[in-house]
Amino acid sequence: MKKINSNLYKLAMSKFATGVTVVSINYNNNYIGKTVNSFSALSLDPPLVLFSLDKKSSSIQQYKNSKYFGINILAKNQKKISNHFSKQKPKWGDTSYFLATNNIPLIKNSSVNINCKKIKNISQGDHIIFVCKIIEVKIFNKKPLVYLNSKYI
Ligand SMILES: Cc1cc2nc3c(=O)[nH]c(=O)nc-3n(C[C@H](O)[C@H](O)[C@H](O)COP(=O)(O)O)c2cc1C
């Protein structure tokens with residue numbers, strides 16, 4: 001066993017294969033989206049999910065102050081969208097989206113679109129955990145985008 005440090009933490013976590021999501025908000029009619037792979041199922045009853053964001057993120061205040069979130073589980077052919085929304089302040093111009101009933105932008109051609117309501121923010125370490133209750137989903141039969149070893153597979 002090796003004593004943990006930042007590089008070892010990152011390397012160990014990179015061995016855990018995840019899906020890739022873009023978490024979207026509508027903040028005062030500005031659409032914001034962020035690539036997130038810390039997404040996870042949390043509870044079946046009630047239907048809860050969670051994800052976490054870096055406290056240093058340029059838009060952390062907007063996410064902390066949002067009541068509703070869109071979670072788009074990306075399909076295998078949406079690598080470009082994942083890269084786009086991992087940049088700072090990405091524009092929505094080239095991304096096809098539709099609006100959920102609460103005006104949250106949801107990305108078209110995703111594997112799954114989720115519309116959810118925030119239940120709680122939890123500050124833990126250098127991240128904020130967002131716990132959300134799912135309101136509605138749209139599911140397509142698509143192969144998922146998978147992230148492993150710090151790259152898409
Ligand atoms: C595959 C992938 C997964 C990511 N997952 C997360 C995540 O779970 N939480 C997070 O805060 N940032 C995550 N990021 C980083 C953000 O997408 C993005 O780089 C960062 O938020 C942009 O900077 P900003 O938030 O300061 O605008 C991920 C990036 C990639 C490429």
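Reply: The model is a predicted one. By class, the shell around the ligand comprises four nonpolar, 10 polar and two charged residues. These belong to a set of 16 residues that surround the ligand, of which the closest are T35, S38, D54, S57 and S58. Two elements, β3 (30-36) and β5 (48-54), are those that give two or more residues to this shell.

The nonpolar core comes next. The largest such core has 27 residues, and those with the most contacts inside it are V22, V23, F69, I71, L74 and C116. The elements that contribute two or more residues to this core are β2 (21-27), β5, β6 (68-73), β8 (105-107), β9 (112-124) and β10 (127-139). In soluble globular proteins, nonpolar side chains tend to be buried together.

Leaving aside residues up to four places away in sequence, C116 touches V49, Y68, F69, I71, C132, K133, I134 and I135.

A further part of the fold is an open sheet of three strands in the order β1-β11-β12, with antiparallel pairing. Strands β1 (18-19) and β12 (151-152) stand at its edges, each with a single partner strand, so one side of each is left without a neighbour in the sheet. Strand β1 pairs with β11 (residues 146-148) in the antiparallel sense over two bridges, and T18 stands opposite Y147 in β11.

Definitions and conventions:
Residues are numbered from 1 along each chain as its sequence is written. This is a predicted model: local features need pLDDT of at least 70, side-chain atom pairs count only at pLDDT 80 or more; totals for chains, interfaces and linings use all residues. Two strands pair if DSSP finds at least two bridges between them. Helices (H or I, at least four residues) and strands (E, at least two) are DSSP runs, numbered from the N terminus. A residue is near a molecule or strand if its C-beta atom, placed from the backbone, lies within 6 Å of it. Ala, Val, Leu, Ile, Met, Phe, Trp, Tyr, Cys and Pro count as nonpolar, Asp, Glu, Lys and Arg as charged, and the others, Gly among them, as polar. A nonpolar core is a set of buried Ala, Val, Leu, Ile, Met, Phe, Trp, Tyr and Cys residues joined through C-beta atoms within 7 Å. A residue is buried if 20 or more other C-beta atoms lie within 10 Å of its own, exposed if 12 or fewer, and partly exposed in between; C-beta atoms are placed from the backbone. Two residues are in contact if their C-beta atoms, placed from the backbone, lie within 7 Å.
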